[in-house]
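This report goes through one protein model, from its strands to its side-chain contacts. Please keep the sequence and the coordinates at hand while reading.

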Amino acid sequence: MLGIIIDAAALIGVVALARVDRLTTSAAAATEMVSFDDATVGQPPAGWTATRTGTGTAKWTIERDESAPSKPNVLKQSGVATYPVCFKDDTSIKDGFVEVKFKPISGKEDQAGGVVWRLKDTNNYYVARANALEDNVTIYHTINGRRTEKKRANMKVASNTLRVDFAGSHFTVTYDGQKVIDWDDDTFKDAGKVGMWTKADSVTVFDDFSYGAK
């Protein structure tokens with residue numbers, strides 16, 4: 001009788017482990033990563049909308065970069081616009097994460113790299129960005145083209161990884177693997193697109209863009 005009870009407990013453990021494996025596999029399947037290495041150099045990436053919020057001319061192009069985290073290509077923004085933004089057309093995420101590796105190269109007004117999420121269109125979305133000129137990380141919402149700062153953290157900014165996890169009305173911004181901002185807001189509640197962002201005359205390169213639903 002004792003042996004049967006032990007065998008039953010073991011069976012339950014196996015089933016539980018199998019269930020965890022399925023959940024892990026499902027979570028992994030929900031994560032996507034774009035390295036831009038198969039994209040055409042000199043052109044915007046296919047399947048993305050390369051544009052801007054506001055005025056000016058954004059220039060999003062695939063470029064070769066021997067210093068890229070994953071060689072050979074990066075996505076480079078070298079135009080001048082109010083807020084250059086590039087988002088992936090086939091994404092629609094309500095709760096999840098968005099992450100990118102970025103390197104600020106130049107800019108007299110700004111040297112910014114950012115990510116957007118729950119994007120409805122080019123004028124309505126959330127954005128978090130790191131700025132190498134100001135040495136801070138900041139979170140905003142952009143409503144009808146108007147960006148409003150909500151929270152910031154002061155720190156040294158250079159080439160690094162920026163990530164936002166979002167669930168319901170709660171958002172967590174991580175820079176260089178360290179949590180730097182928590183913020184709650186319910187302006188945009190529905191699923192939306194994810195992408196990358198810069199400001200003004202920032203010349204910034206991006207690589208290993210990843211995202212996933214939770």
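The model is predicted. Every value below is computed from it, and side-chain values rest on heavy atoms, with hydrogens and water left out.

## Strand pairing around β5

Strand β5 covers residues 80–88 and is mostly covered, with 7 of its 9 residues buried. It pairs with strand β2 (residues 48–57) in the antiparallel sense, over 8 bridges. In this part of the structure, Arg52 is the residue opposite Pro84 of β5.

β5 also pairs with strand β14 (residues 193–197), again in the antiparallel sense, over 3 bridges. Here Cys86 stands opposite Met196 in β14.

Strands β9 (residues 136–143) and β10 (residues 146–154) run antiparallel and are joined by 8 bridges. Val137 has Ala153 of β10 as its bridge partner.

The hairpin has 2 residues between its strands, and Asn144 takes a positive phi near 50° there. Asn144 is placed in the loop between β9 and β10. Is Asn144 buried or exposed? Its relative accessible area is 66%, over the 50% cut-off, so Asn144 counts as exposed.

## Aromatic contacts

A search of the whole structure gives 12 aromatic pairs. In one of them, the ring centres of Trp117 and Phe166 are 6.0 Å apart and the planes meet at 20°; the pair is therefore stacked, given that planes under 30 degrees apart count as such. The two residues are 49 apart and link distant parts of the chain: Trp117 belongs to strand β7 (residues 112–121) and Phe166 to strand β11. Trp117 has a relative accessible area of 0% and is buried. Phe166 is likewise buried, with a relative accessible area of 0%.

Phe171 and Trp183 form another aromatic pair, which is tilted, with 5.7 Å from centre to centre and 50° between the planes. This pair also links distant parts of the chain, with Phe171 in strand β12 (residues 170–175) and Trp183 in strand β13 (residues 178–184), 12 residues apart. Phe171 and Trp183 are both buried. Which residues make up the aromatic cluster? One cluster is formed by Trp117, Tyr126, Phe166, Phe171, Trp183 and Phe188.

## Arginines over rings

Two contacts of an arginine with a ring face can be listed.

- Arg147 lies over the face of Tyr140, at 4.0 Å from the ring centre.
- Arg163 lies over the face of Phe97, at 4.1 Å from the ring centre.

## The largest pocket

The largest pocket has a volume of about 150 Å³. It is lined by 13 residues, and those closest to its centre are Pro69, Lys101, Phe102, Lys103 and Ser159.

Three strands each supply at least two lining residues: β6 (96–106), β11 (160–167) and β15 (203–213). By class, the lining divides into 5 nonpolar, 4 polar and 4 charged residues.

## Backbone exceptions

Most residues other than glycine have a negative phi, and most peptide bonds are trans. Against this background, Arg118 has a positive phi near 50°. Arg118 lies in strand β7. With a relative accessibility of 1%, Arg118 counts as buried, because the cut-off for that class is under 20%.

Which two residues does the cis peptide bond join? The bond is between Lys71 and Pro72, with omega at about 10°. Pro72 lies in the loop between β3 (60–64) and β4.

## Two pairs separated along the chain

Val115 lies in strand β7 and is buried, at 0% relative accessible area.

Ser78 is placed in the loop between β4 (73–77) and β5. Its relative accessibility is 29%, so Ser78 counts as partly exposed, since this class covers values between 20% and 50%.

Definitions and conventions. Residues are numbered from 1 along each chain as its sequence is written. This is a predicted model: local features need pLDDT of at least 70, side-chain atom pairs count only at pLDDT 80 or more; totals for chains, interfaces and linings use all residues. On a 1 Å grid over the protein atoms alone, a cavity is a set of points where a 1.4 Å probe fits but cannot get out, and a pocket is an open set with protein on both sides within 12 Å along at least five of seven lines; lining residues have an atom within 4 Å of a point. Grid points are joined across faces, edges and corners, and a volume is the space filled by probe spheres set on the points. Helices (H or I, at least four residues) and strands (E, at least two) are DSSP runs, numbered from the N terminus. Ala, Val, Leu, Ile, Met, Phe, Trp, Tyr, Cys and Pro count as nonpolar, Asp, Glu, Lys and Arg as charged, and the others, Gly among them, as polar. Rings of Phe, Tyr and Trp (its six-membered ring) pair if their centres lie within 6.5 Å; planes under 30 degrees apart count as stacked, over 60 as edge-to-face and the rest as tilted. Buried means under 20% relative accessible area, exposed over 50%, partly exposed in between (1.4 Å probe, protein chains only). A charge sits over a ring if NZ of Lys or CZ of Arg is within 6 Å of the ring centre and within 35 degrees of the ring normal. Two strands pair if DSSP finds at least two bridges between them.
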